[in-house]
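Subject: Structure for you to look at

Hello,

Please find the structure below. My notes on what was found in it come after.

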Protein chains: 2
Amino acid sequence: MNKVRIGIIGLGFIGCRHAVSLANNAIPGAELTAVYDRNQDKEQWVKENLGENVKLFTDEEQFFNSNMIDGVIIATPHPFHTEIAIQAFKHDLHVLVEKPAGVYTKEVRLMNEAAVASGKVFSMMFNQRLNPLFIKLRELISSGELGEITRTTWIITNWFRAQSYYDSAGWRATWAGEGGGVLINQDPHQLDLWQWVIGMMPKRVRAFCKFGKYHNIEVEDDVTAYVEYENGATGLFVTSTGEAPGTNRLEINGDLGKIVVEDGKITLWRLSVPASEFSKTFKGNSFDQPEIRKIDIPVEGDTDAHNWDGIITNWVDAIANGTELIASGEEGIKSLMLSNSMLLSTWTDNWVNLPIDEDLFHEHLQKQINNSKTQINV
Amino acid sequence: MNKVRIGIIGLGFIGCRHAVSLANNAIPGAELTAVYDRNQDKEQWVKENLGENVKLFTDEEQFFNSNMIDGVIIATPHPFHTEIAIQAFKHDLHVLVEKPAGVYTKEVRLMNEAAVASGKVFSMMFNQRLNPLFIKLRELISSGELGEITRTTWIITNWFRAQSYYDSAGWRATWAGEGGGVLINQDPHQLDLWQWVIGMMPKRVRAFCKFGKYHNIEVEDDVTAYVEYENGATGLFVTSTGEAPGTNRLEINGDLGKIVVEDGKITLWRLSVPASEFSKTFKGNSFDQPEIRKIDIPVEGDTDAHNWDGIITNWVDAIANGTELIASGEEGIKSLMLSNSMLLSTWTDNWVNLPIDEDLFHEHLQKQINNSKTQINV
């Protein structure tokens with residue numbers, strides 16, 4: 001069987017990584033045939049790192065019409081994802097998009113509609129879904145180890161960035177260039193995992209974003225978001241690029257105990273009977289609670305690794321063999337829905353019901369772009 | 001010098017404890033002379049536990065007019081605190097009130113006005129202010145070890161209560177009998193410490209209380225509260241009586257690092273330079289942060305103890321020698337202001353600015369009492 005021929009769009013840090021990986025045959029059943037970048041200065045790098053067989057395009061039309069590719073990995077800045085993905089689907093190409101899927105949910109919906117119309121395979125680079133820590137956590141929860149979920153609390157504030165990071169590129173931390181701050185740039189994986197590990201999206205969100213609290217930037221660098229789920233559970237997502245050393249601690253509570261994920265470890269406190277049952281049947285007015293066992297959950301594999309190749313391999317398998325996707329394009333909308341809802345709740349100073357009003361979000365975002373002091377061309 | 005003669009009002013669990021302690025001369029410079037309880041059945045207990053010299057009253061007027069006491073410790077259910085305290089001040093008695101100060105802030109203001117008018121010493125039983133853990137924490141913060149405070153996060157969900165606890169007395173977990181649930185019954189110490197250790201009250205609150213979420217009760221048994229401080233810091237207070245095993249973890253972030261208090265231990269992560277300064281001066285677009293040292297802060301003494309006697313001794317010293325109070329009556333309003341604001345924010349589904357509108361709170365509380373299905377006499 002022929003190998004799936006891959007083209008990569010955007011030779012920034014992550015695009016180059018994927019290109020080198022494919023060029024080194026790290027992805028079974030796939031070969032890198034072409035790369036496309038608007039900048040003219042990549043020729044030398046491509047020759048030295050990808051070999052003679054990979055063709056560099058600097059013109060989008062020629063790239064898409066080259067007949068050299070079956071699928072593309074889109075690794076441009078995220079404001080370009082939608083337009084390029086829709087072009088790719090129009091050219092009957094499979095698509096794998098880097099995170100975040102786009103700037104706002106409407107874009108992701110349009111991408112998915114284009115994917116369906118083309119019949120091609122559309123995947124999202126949610127490589128943290130292959131992190132053994134979160135695979136194990138998801139297994140624990142879906143197997144019922146915690147019972148009904150009652151609360152989720154993710155404090156993910158270990159994203160410290162100095163001002164020079166934001167100053168390093170004009171598009172960084174601007175409404176036009178990124179469409180947001182810590183939520184859209186640093187948190188897409190965590191926002192995805194937050195809903196993926198428990199298999200529930202919130203039904204409404206009340207969030208408090210602080211814009212340029214710690215840095216001279218116009219977007220949010222500090223967020224506290226409170227959410228409510230359909231089953232009555234509540235949740236918190238706290239994130240910041242201003243604190244050092246910050247914290248990365250996920251606590252999930254359920255009727256059968258709690259799980260804490262911190263320092264790359266999973267700890268489970270497991271009740272002998274559900275708290276709800278104990279509450280109903282225990283007699284006496286003391287402060288008794290069900291018997292509790294503290295269990296260190298073993299996790300095999302590297303929990304610090306970024307298994308990008310695993311997602312690329314899965315996407316290639318889906319193209320070649322119809323394997324189920326780990327993170328389909330439709331899944332891209334979820335983490336974006338969460339970050340969009342947090343911004344919208346702040347802008348409207350009110351609750352936001354999910355799914356969000358995508359036009360209202362876009363309207364507000366456009367207002368931010370129009371009012372921005374940093375007018376940039378994207 | 002004569003000993004300060006103490007009377008105790010309310011011989012429930014905590015009133016009896018204080019009485020026995022005083023009868024055993026655990027408080028230097030003080031002697032227990034009288035106790036007052038409405039119930040007639042305490043005679044035997046008083047004789048056996050407090051000795052022949054302590055007089056039991058079952059009539060309030062006779063107790064207050066006995067000329068046997070210089071000060072009273074009020075250990076009744078909290079809805080009675082205000083009326084009794086005001087009576088005591090009118091009789092020129094010093095007053096020490098159990099936590100919570102009252103049901104709503106207006107009561108505490110009235111108590112304080114009566115105290116000022118009487119010129120007597122008014123103290124609050126915030127005995128956790130003598131917990132070596134929180135003394136050390138407050139010292140660390142007030143000495144500037146964390147720099148400017150940026151965030152406080154207290155998850156205090158280890159208050160699991162079975163339904164039978166709430167069913168054990170008719171007044172429990174009712175609007176008329178307690179004026180609230182977990183906030184007013186379980187959390188007064190933590191709400192007090194939350195502001196005491198950092199020396200800041202929030203300027204506004206947005207809270208989400210769940211009423212009878214885990215139990216067949218009408219008051220709140222689950223709360224998530226978000227707050228903002230004058231200096232731009234944010235905070236979270238999460239509490240519940242429905243989760244087991246629950247969590248008790250206080251994280252405080254500042255410009256110079258963070259402190260986590262958990263499992264009776266204080267851990268400090270200390271930066272070599274303030275994060276704000278590093279952010280401004282670091283050059284380069286990498287993810288560098290200031291050098292961090294993790295320090296286990298030694299705490300001497302029993303962090304599990306309830307040092308009630310320490311507060312009583314301090315109050316007696318204040319009466320006899322003018323010693324400064326550890327927790328003055330005025331301080332009682334702060335933790336109550338916090339819990340009141342969280343309820344009010346939920347009832348109005350909106351922000352609440354501090355200090356709160358005490359009449360508006362009282363109006364809402366009265367509505368809850370009037371609509372209550374459990375009409376009880378208090």
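Helices (H or I, at least four residues) and strands (E, at least two) are DSSP runs, numbered from the N terminus. In chain B, the loop between strand 5 (94–97) and helix 5 (105–118) holds Pro100(B).

Before going on, note that this is a predicted model: local features need pLDDT of at least 70, side-chain atom pairs count only at pLDDT 80 or more, and totals for chains, interfaces and linings use all residues. Residues are numbered from 1 along each chain as its sequence is written, chains are lettered from A and ligands numbered from 1 in the order in which they are written, and side-chain values use heavy atoms, with hydrogens and water left out.

Backbone of chain B

The peptide bond that joins Lys99(B) to Pro100(B) is cis, with omega near -15°. Another cis peptide bond runs from Ala244(B) to Pro245(B), with omega near 0°. Pro245(B) sits in the loop between strand 10 and strand 11 (248–254) of chain B. Asp92(B) is not a glycine, yet has a positive phi of about 60°. Its loop lies between helix 4 (81–90) and strand 5 of chain B.

The interface

The size of an interface is often given as the accessible area lost when the parts come together. Between chain B and chain A, the buried area (accessible area, 1.4 Å probe, that two parts lose on being put together, summed over both) is about 4,500 Å², and carbon and sulfur atoms give 55% of this. Arg151(B), Phe160(B) and Pro245(B) supply 14% of the area that chain B buries against chain A, more than any other three residues. Contact (heavy atoms within 4.5 Å) involves 57 residues from chain B and 57 residues from chain A.

There are eight salt bridges between chain B and chain A, a salt bridge being a side-chain nitrogen of Lys or Arg within 4 Å of a carboxyl oxygen of Asp or Glu. Glu243(B) and Arg151(A) form a salt bridge through their side chains (2.8 Å, N to O). Strand 10 (residues 234–240) of chain B gives five residues to the side of chain B that touches chain A, the largest share. By class, that side has 21 nonpolar, 21 polar and 15 charged residues. Here Ala, Val, Leu, Ile, Met, Phe, Trp, Tyr, Cys and Pro count as nonpolar, Asp, Glu, Lys and Arg as charged, and the others, Gly among them, as polar.

Salt bridges overall

Over all chains, the whole structure has 38 salt bridges. In chain A, the side chains of Glu113(A) and Arg109(A) meet in a salt bridge (2.8 Å, N to O). Both residues, Glu113(A) and Arg109(A), belong to helix 5 (residues 105–118) of chain A and stand four residues apart, about one turn of the helix.

Regards
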